[in-house]
Amino acid sequence: SVGVCIAPGNRIFTGTETGKLICLDESLNLLWEKNPGGAISSIPTVSSDGSRVYKKKKNGSVRAFNTTDGSPIWSWATEGEIVASTMLLEFLNGERQLLVGRVGTTDLPGSLVALKDNGTSVQKVWEVPVEGPVSATPAFLNNGTNSMIFFSTDNGYLYRLRWDGFREADWKVAVAGSTKFCSPVIDWARRVYIGSTDKNIYAFDSDFTTASQPVRSFNVGLSAVGSPTLGANGYFYLGTQAGYISAFDLKQEPVKEMWKFNASGSVSSPLLLTETGKIHAALQNGNMFILAEPDTFHTANNSYSPMWSTFRGNSKRNCVIQLALTGVSDPYQVPEKFTVFQNYPNPFNPYTIISFTLPVRTRTEIAVFDIIGSEIMRSVAEYDSGHHEVTFDGSSLPSGVYFYRVTAEGKQIMGKMLLLR
């Protein structure tokens with residue numbers, strides 16, 4: 001098994017290297033089992049309403065299944081492997097976007113990709129190439145329209161980008177050594193922690209740039225390639241391939257190691273920390289340890305509650321983010337007036353979404369122009385009242401400034417967008 005996630009209704013989902021997708025109830029009774037083929041390399045993700053499960057195959061495909069009976073819904077494929085677990089963003093308007101980290105190939109770089117679940121089909125919304133394979137699951141700092149995604153590459157870089165795929169060129173920082181398979185965590189002060197093969201943990205402010213230096217670092221004595229876990233007591237927990245489980249107090253400066261436990265076996269997966277201070281550690285030799293930290297958790301307070309505590313965000317390992325964006329309309333409410341929103345992502349490469357609302361059914365024209373006013377595309381159609389989204393594909397266009405115009409009810413509204421290669 002590649003690990004489990006606990007979904008609504010306490011259903012348990014897991015996958016196997018032989019390609020099986022398995023659903024169990026809380027008593028571990030088998031509800032269904034499907035074998036669509038291909039090694040499953042990471043933990044499945046289940047939507048918050050429990051209606052569908054997303055599975056990644058190591059060969060570079062992502063598939064959605066109905067959670068009731070495991071029937072397939074849609075499939076998406078890319079070049080290169082996918083080994084990192086996905087993250088699901090759920091918006092207030094019902095939209096779902098799945099974030100997928102790609103390892104890449106010799107010809108195509110690694111990247112982070114956003115896939116929009118359209119119900120019975122899937123659509124790539126944006127893709128951000130990076131300098132190295134993406135093998136670790138991202139972390140997320142939820143802050144409305146300024147929400148940020150943090151992830152590392154195997155060759156020792158920590159990246160950040162906005163929820164809509166926007167990234168400044170200097171939103172990355174070099175980390176000494178390799179960060180392969182180490183997922184970031186974020187403490188109560190919004191410091192982003194990442195482990196390295198050079199035996200150190202590095203912390204950066206969440207607004208880091210290429211010129212940033214770590215705001216703190218501490219040596220853990222062994223290669224830190226596993227994903228750490230943060231507790232509400234201000235402690236940092238880490239399991240290592242050398243077989244040790246350690247606790248460090250982040251409230252102290254310098255950071256102090258509080259205890260170390262010899263598990264006598266490689267800790268093969270991220271530690272799981274419960275709300276009551278129980279630390280679950282799975283070893284590569286098949287053993288499991290459960291350690292207790294009762295004293296520090298008895299005195300824990302909200303002042304040290306982490307922003308992103310662990311691999312996949314919580315102890316259920318389901319990695320679903322509820323994202324509320326200020327100013328974004330509810331598509332299920334009839335709009336009061338004709339409105340055109342800023343395209344997203346912006347800048348984009350090569351896809352972006354132009355969205356608008358209509359108070360009544362009307363004939364609507366959408367047009368895109370380049371900087372000198374030459375028309376790039378035009379579409380005319382009847383749209384019902386409500387919120388609408390149109391995807392613009394700029395794959396055949398050079399980098400530059402473009403303008404989009406939406407015409408309805410005798411009115412024209414224009415916006416500006418930037419294509420960056």
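Predicted model: local features only at pLDDT ≥ 70, side-chain atom pairs only at ≥ 80, totals over all residues.
Biologist: Is strand S2 mostly covered or mostly exposed, and how many of its residues are buried?

Modeller: Strand S2 spans residues 11-15. In a regular strand the side chains alternate between the two faces of the sheet. Here both faces are covered, with Arg11, Phe13 and Gly15 buried on one side and Ile12 and Thr14 buried on the other. Strand S2 is thus mostly covered, and the number of its residues that are buried is five of five.

Biologist: In S2, which residue is the bridge partner of isoleucine 6?

Modeller: Strand S1, residues 4-7, pairs with S2 in the antiparallel sense over four bridges. The two strands form a hairpin with three residues between them, and glycine 9 in the turn has a positive phi of about 80°. The bridge partner of isoleucine 6 in S2 is isoleucine 12.

Biologist: Which residue in S3 is the bridge partner of phenylalanine 13?

Modeller: S2 and strand S3, residues 21-24, run antiparallel and are joined by four bridges. Their hairpin has five residues between the strands, and glycine 19 takes a positive phi near 100° there. The bridge partner of phenylalanine 13 in S3 is cysteine 23.

Biologist: How many residues in the lining of the largest cavity are nonpolar, polar and charged?

Modeller: The structure holds one cavity of 30 Å³ or more, and the space in the largest cavity is about 30 Å³. Its lining consists of Gly226, Ser227, Gly239, Val267, Ser269, Pro270 and Leu271. Because Gly counts as polar and Pro as nonpolar, the division is three nonpolar, four polar and no charged.

Note on methods. Residues numbered from 1 in each chain as written. Heavy atoms only, no water. Buried < 20%, exposed > 50% of the residue type's maximum accessible area, 1.4 Å probe, protein only. Pairing = 2+ DSSP bridges. 1 Å grid on protein atoms, 1.4 Å probe; cavity = no way out; pocket = protein on both sides within 12 Å on 5 of 7 lines; lining within 4 Å. Points joined across faces, edges and corners; volume = space filled by probe spheres on them.
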